[in-house]
Amino acid sequence: MVHFGNDWDAILADEWSKPYYQNLRQILKKEYATQRVYPPMHDIFNAMRYTSFADTKVVIIGQDPYHGPGQAHGLCFSVGPTVPPPPSLKNIFKELQTDLGKPIPTTGELTDWARQGVLLLNTVLTVREGCPTSHKDIGWETFTDRVIAELNRKQTPVVFLLWGAHAQRKAQMITNPIHYKLATVHPSPLSASRGFFGCQHFSKANAILEQHGLSPIVW
């Protein structure tokens with residue numbers, strides 16, 4: 001049983017007994033015992049711990065955690081406060097500076113966004129060191145799809161920032177007309193210049209929130 005310490009506990013209470021999750025749990029027990037896996041076990045569910053269902057106003061969907069030492073801590077694109085920002089996060093900060101005129105942050109830790117209602121959700125929540133997507137298709141997608149499905153039922157507007165093809169595949173799950181979907185290419189150096197730079201998703205998300213009487217995010 002996982003405890004989030006907020007309303008996700010009740011919302012996801014039936015998930016832990018499902019066969020897919022029981023199988024996933026056994027796989028993870030073996031992986032953490034025999035491999036170097038990120039993030040640390042106690043950080044796996046930080047996205048939901050930092051951002052309750054009720055507080056969620058913006059969702060950023062990532063793929064799987066960073067696979068280098070000390071990077072991943074359970075929030076997509078975020079790294080620990082002493083870890084240099086990886087290339088995609090550097091590009092996120094560049095767009096933030098261009099869009100809102102804000103200085104480049106001195107840390108790559110995004111917990112302040114999460115505490116304001118930005119759910120930083122990877123679709124796969126663990127990874128082996130040095131092996132991107134190594135925990136793809138072991139069950140995490142079923143779990144995170146449930147999280148997205150619950151957010152789709154939310155009766156206050158949520159802005160989904162869908163960066164890259166992987167995140168955009170989740171767009172079909174977001175059918176509630178009160179929600180918003182902003183899509184562009186991934187902030188990776190391989191694609192950022194093809195549409196991520198200049199997308200203005202930070203100001204656009206805040207404009208949507210303010211339009212609905214919700215407080216904007218201090219990005």
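**Legends for close-up views of a predicted model**

**View 1. The whole chain and its elements.** The protein has eight helices and six strands, where helices (H or I, at least four residues) and strands (E, at least two) are DSSP runs that are numbered from the N terminus. Followed from the N terminus on, these elements come in the order α-α-β-α-β-α-α-β-β-α-β-α-β-α. This is a predicted model, in which local features need pLDDT of at least 70 and side-chain atom pairs count only at pLDDT 80 or more, while totals for chains, interfaces and linings use all residues. Residues are numbered from 1 along each chain as its sequence is written, and side-chain values use heavy atoms, with hydrogens and water left out.

**View 2. The overall extent of the protein.** Taken along the principal axes, the C-alpha atoms of the protein fill a box of roughly 45 × 35 × 30 Å. Of the 219 residues in the protein, 53% are buried, a word that here means under 20% relative accessible area, with exposed meaning over 50% and partly exposed lying in between (1.4 Å probe, protein chains only).

**View 3. The nonpolar core and W140.** The largest nonpolar core holds 67 residues, and the members that touch the most others are F45, M48, I60, W113, W140, F143 and W219. Such a core is a set of buried Ala, Val, Leu, Ile, Met, Phe, Trp, Tyr and Cys residues joined through side-chain atoms within 4.5 Å. If its neighbours within four places in sequence are left aside, W140 is in contact (heavy atoms within 4.5 Å) with L24, L28, I44, F45, T123, V124, L125, T126 and H135.

**View 4. V2 in the segment before α1.** V2 has its place in the segment before α1 (8–11), and it is buried, with a relative accessible area of 11%. Although V2 and L12 are 10 residues apart along the chain, their C-alpha atoms are separated by 9.3 Å. Apart from its neighbours within four places in sequence, V2 is in contact with D9, W16, Y21, F45 and R49.

**View 5. G164 in the loop between β5 and α7.** The loop between β5 (159–163) and α7 (165–168) is where G164 is found, and G164 is buried, with a relative accessible area of 7%. G164 and T184 lie 20 residues apart in sequence, and they are 6.1 Å apart in space, C-alpha to C-alpha. With neighbours within four places in sequence left aside, the residues in contact with G164 are T184, V185 and H186.
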